[in-house]
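These are my notes from going through a single model, entry by entry. I began with helix packing and then turned to side-chain pairs, backbone and confidence.

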Amino acid sequence: MRAAGVLLAVVLCAAAIALPGVVGKTRGAARGGENTLWNTRERGLRRVLQRAQNLTASDADGRPPCLVFLLYSTSCPFSRTLYDDVEALSAQYGKRVAFVAMEKSHSSLNLLMQFGFHAVPQIVVYSPAGREKLRGSNKTTALRNYLRNVEGKQREWKCDSKAFDGVLPAGEREPRPTEWRDGSQEMARVTWCIVGLLGLYYASVRLCGSFRKSHEE
């Protein structure tokens, strides 16, 4: 019986270690247009966001900023879905709107706090109407509606992504993510490892006690 307990603990540890963490891959590059989603790191993002904040509707080139920024995490399944949707929108809108994304691990806590990013996935849009952080559970729908509103005012605003041509190439461009990990599975793996180790410890204590008792007899 005790041997069965030890075996069960070992099996639990082995199963937890073998538990797959990769939940999937991103879809292929969006079809129907050029994918303009620009993945970058903190240095490039700082330049882009500062540029967006400094520009106004009366930009010297007559092209006010229209920027969509996505903060995501490859360990978040919600980020994976939203990333694919934003990538598809970048192909749809082409040069009319700049699309920038960054994996959360590529940023410092200081930058996240400075620009008010507290969770993932997060979308912030800059346009002549100002800066807006999209809220709600369905951020894809919120972003589509926001961009439709921007598109409806194109004659008035004349938005395009040329306002960022000077800063985007200056930042390091990262490849699009190909693998995504489910953070909940990672936590489950750790939990089952702990359970298995506790079971192993308990079984070993019982075995030692039984051995000591039989030896004394």
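On the α3 side I listed L82, D85, V86, L89, Q92 and Y93 as making the contact, and on the α5 side K139, T140, L143, R144, L147, R148 and E151.

Salt bridges. I searched the whole structure and found three salt bridges, among them one in which the side chains of R41 and E174 meet at 2.8 Å, N to O. I traced R41 to the loop between β2 (37-40) and α2 (42-54) and E174 to strand β7 (residues 173-174), so that the pair links distant parts of the chain, 133 residues apart.

Backbone. Which bond joins V120 and P121? I recorded a cis peptide bond there, with omega about -10 degrees, and I placed P121 in the loop between α4 (109-114) and β5 (122-127).

Confidence. I noted an average pLDDT of 74 for the protein chain, with 59% of the residues scoring at least 70. Over residues 6-23 pLDDT stays under 50, although the model has 37 contacts for this stretch beyond four places in sequence. I reminded myself that where pLDDT is low, the predicted coordinates should not be read in detail.

Key. Residues are numbered from 1 along each chain as its sequence is written. This is a predicted model: local features need pLDDT of at least 70, side-chain atom pairs count only at pLDDT 80 or more; totals for chains, interfaces and linings use all residues. Side-chain values use heavy atoms; hydrogens and water are left out. pLDDT is the predictor's confidence in each residue, from 0 to 100. Contact means heavy atoms within 4.5 Å. Helices (H or I, at least four residues) and strands (E, at least two) are DSSP runs, numbered from the N terminus. A salt bridge is a side-chain nitrogen of Lys or Arg within 4 Å of a carboxyl oxygen of Asp or Glu.
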